[in-house]
Amino acid sequence: MDIRPVATKPFAGQKPGTSGLRKKVDVFQQPHYLANFVQSIVNSLPRDQRDCLVVGGDGRYFNAEATQIILQVLVGNGIKQVLVGAGGLLSTPAVSHLIRKSNANGGIVLSASHNPGGPGKDFGIKFNNASGSPAPEAVTQAIYQNTQSISQYLAADLPPVDLAVGEEYRFAETTIKVVDSVDDYAQLMQSLFDFDKISEAIQSTRLSLCFDGMHAVTGPYATRIFKDLLGLPDRALKNCVALADFGGGHPDPNRVYARELYDFMMTDEAPELGAASDGDGDRNMILGRKAFVSPSDSLALIAQHHQSIPQFKSGLVGVARSMPTSTALDRVAQHLNVSCYETPTGWKFFGNLLDEGLVRLCGEESFGTSGDHVREKDGVWTVLCWLSILADLQRPVSELLRQHWTAFGRSYYCRHDYEGLEADKAQTIMDQLVRNRGSILGRMVNGMTVSDVNVFSYEDPVDGSVAHNQGVRVQFDDQSRVVYRLSGTGTDAATLRVYLEQIERDATNQGADAIEYNDVLGEFANHIAQIREVSGLSQPSVKT
Ligand code: G16
């Protein structure tokens, strides 16, 4: 077997976004494109941090071919050990756990998350560091710089590597071990939750679940954990066969793309809990019977009821949310007397806070929640948190939501996405908002007055790094907000996200639909940012 340097040239635009490099799959299929990026990852690693790397992906179209290319480059570079998921499959939180458990130097995740998969659809790659966290900006920047000056990569002429579980190979300096995709993760979950208690509630029919795997990577995880270990019946699991094109669907667990589950959960026949996860298993959607739990509320309720979750029995210490996520968590944190951090969008910003033990629970409005057990958001874990809460408190989700709103006020929250914008127009909208600050201050809507307009910057309290320009906040006098930011995960044109939050403290007015409740504020947000004038879009493409 030869190891040879392959001459190559930089590709423009290999710049990681909110969560790694995401492009159309045919971009990744170009000769050298993926190998260049993987070589750049290796080049960014100090020589003494090339002992062990984890590789796994969400199984989307091109996952199998990409895994072989990655192995060729890692062997070519003499990485001592590579742990790869069987069939090249690992959910994103499972990669994070495996990195931590095996003391690896990092890992490579193949996924475009909730974006569709298949020919003509999306693909992605990202690097996670030794603590299992998506690489911080300094590292992604170093990788990007490398892609822009690369002239060769090292590749081993490997035969096709059969990724059957238990196989072990030795090529040149490298050992490749194929590990079960689910085993380690399932054991971790068993160590964090009281499976007997949840199982007992299920057997006594006090607790029931419908989980939608969206034909994505969590299918096998859900089957092992919810069915084999907790004893839920087959009918509790929908779409749990992982497919390379996610069955032609959009593996995004929200009310739009997990519509069937949502509609079912709004009927009298619905189980206590409904849940869905995304392409790579890090996102989640939580529903009760006739109750949608917004991701921000889900996070706040997990914090409120953390004593029902064995992992958090010793207390939360601190919690964190991304800036656009609703402030429901802040009010619970204040009540619990624990710190609440506000970070930019992107799970990587939680990494340092978790590593330092400053927070134990984090979440984002984009259907992501997780704890200090891994350094990624974690869909199946979130479902287990809810199962634990329901098994312990024995109250319906709808009642828990009502109690929460009565005690803490309700953050009526929703997001308007304006998709398909030309990049320069999207930027113009953001720039104008800041320029027009003076004329926006004092404007009124729904009896609220704009009291501040500012640009969010974040200084990491651990390493002092600063992230500038992380979104524009329009703040009202009653703490309600509109937040504007540009998405960093798309593969096409720009998407402008407008996050709407109104806080209703009157318990008699907390039962409305959040999307409808925010319609007037949404129009106001469009108006003050001149979205219609600049982009021609009078309505958002999606409201979630
Ligand atoms: C990624 C990040 C999240 C972020 C989300 C949306 O999630 O890990 O932190 O909230 O993208 O980002 P944006 O608003 O920039 O599109 P995932 O699940 O796509 O990896």
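**A walk through loops, helices and salt bridges**

Threonine 345 sits in the loop between E16 and H12. The structure shown here is a predicted model. Is threonine 345 buried or exposed? Its relative accessibility is 11%, and buried means under 20%, so threonine 345 counts as buried. Which residues does threonine 345 touch, apart from its neighbours within four places in sequence? They are Thr18, Ser322, Pro324, Glu364 and Arg485.

Lysine 348 forms a salt bridge with glutamate 137. The closest N and O atoms of this pair are 3.5 Å apart. Side chains of opposite charge can pair when their charged atoms come close. Where is the partner? Lysine 348 is buried, with a relative accessible area of 11%. Glutamate 137 has 41% relative accessibility and counts as partly exposed.

Now turn to other salt bridges. How many salt bridges does the count come to? The count is 31. One of them joins the side chains of arginine 224 and aspartate 183, at 2.9 Å from N to O. Arginine 224 lies in helix H8 (residues 218-229), while aspartate 183 lies in helix H6 (residues 183-192). The pair therefore ties together parts that are 41 residues apart in sequence. Arginine 224 is partly exposed, with a relative accessible area of 24%. Aspartate 183 also counts as partly exposed, at 31% relative accessibility.

Another salt bridge connects glutamate 272 with arginine 289. Here the closest N and O atoms are 3.1 Å apart. Both residues are in loops. Glutamate 272 is in the loop between helix H9 (259-265) and strand E12 (273-277). Arginine 289 is in the loop between strand E13 (284-288) and strand E14 (291-293). Glutamate 272 is buried, at a relative accessible area of 19%. Arginine 289, at 30% relative accessibility, counts as partly exposed. Salt bridges can also share partners. Arg321, Asp330, Glu342, Arg473, Arg481 and Glu501 are joined into one network in this way.

Go back to H6, the helix that holds aspartate 183. Which residues of H6 are buried? They are Asp184, Tyr185, Ala186, Leu188, Met189 and Leu192. The cover over these buried residues includes helix H4 (92-101), H7, H8 and H13.

Two of these covering helices, H7 and H13, also meet each other. Two packed helices are described by the angle between their axes and the distance between the axes. For H7 (residues 195-203) and H13 (residues 379-393), the axes come within 9 Å and cross at roughly 65°. Angles of 65 to 115 degrees count as roughly perpendicular. H7 and H13 are therefore roughly perpendicular to each other. H7 passes H13 in a left-handed crossing.

Which residues make this contact? From H7 come Phe195, Lys197, Ile198 and Ala201. From H13 come Leu384, Leu387, Ser388, Ala391 and Asp392. Together, the residues of this contact divide into six nonpolar, one polar and two charged.

Terms used: Residues numbered from 1 in each chain as written. Predicted model: local features only at pLDDT ≥ 70, side-chain atom pairs only at ≥ 80, totals over all residues. Heavy atoms only, no water. Axes fitted to C-alpha atoms, helices over the stretch in contact; angles between N-to-C directions. Helix = DSSP H or I, 4+ residues; strand = E, 2+ residues; numbered from the N terminus. Parallel < 35°, antiparallel > 145°, perpendicular 65-115°, else oblique. Left-handed = near helix turned anticlockwise from the far one by under 90°. Contact = heavy atoms within 4.5 Å. Nonpolar A, V, L, I, M, F, W, Y, C, P; charged D, E, K, R; others polar. Salt bridge = Lys/Arg side-chain N within 4 Å of Asp/Glu carboxyl O. Buried < 20%, exposed > 50% of the residue type's maximum accessible area, 1.4 Å probe, protein only.
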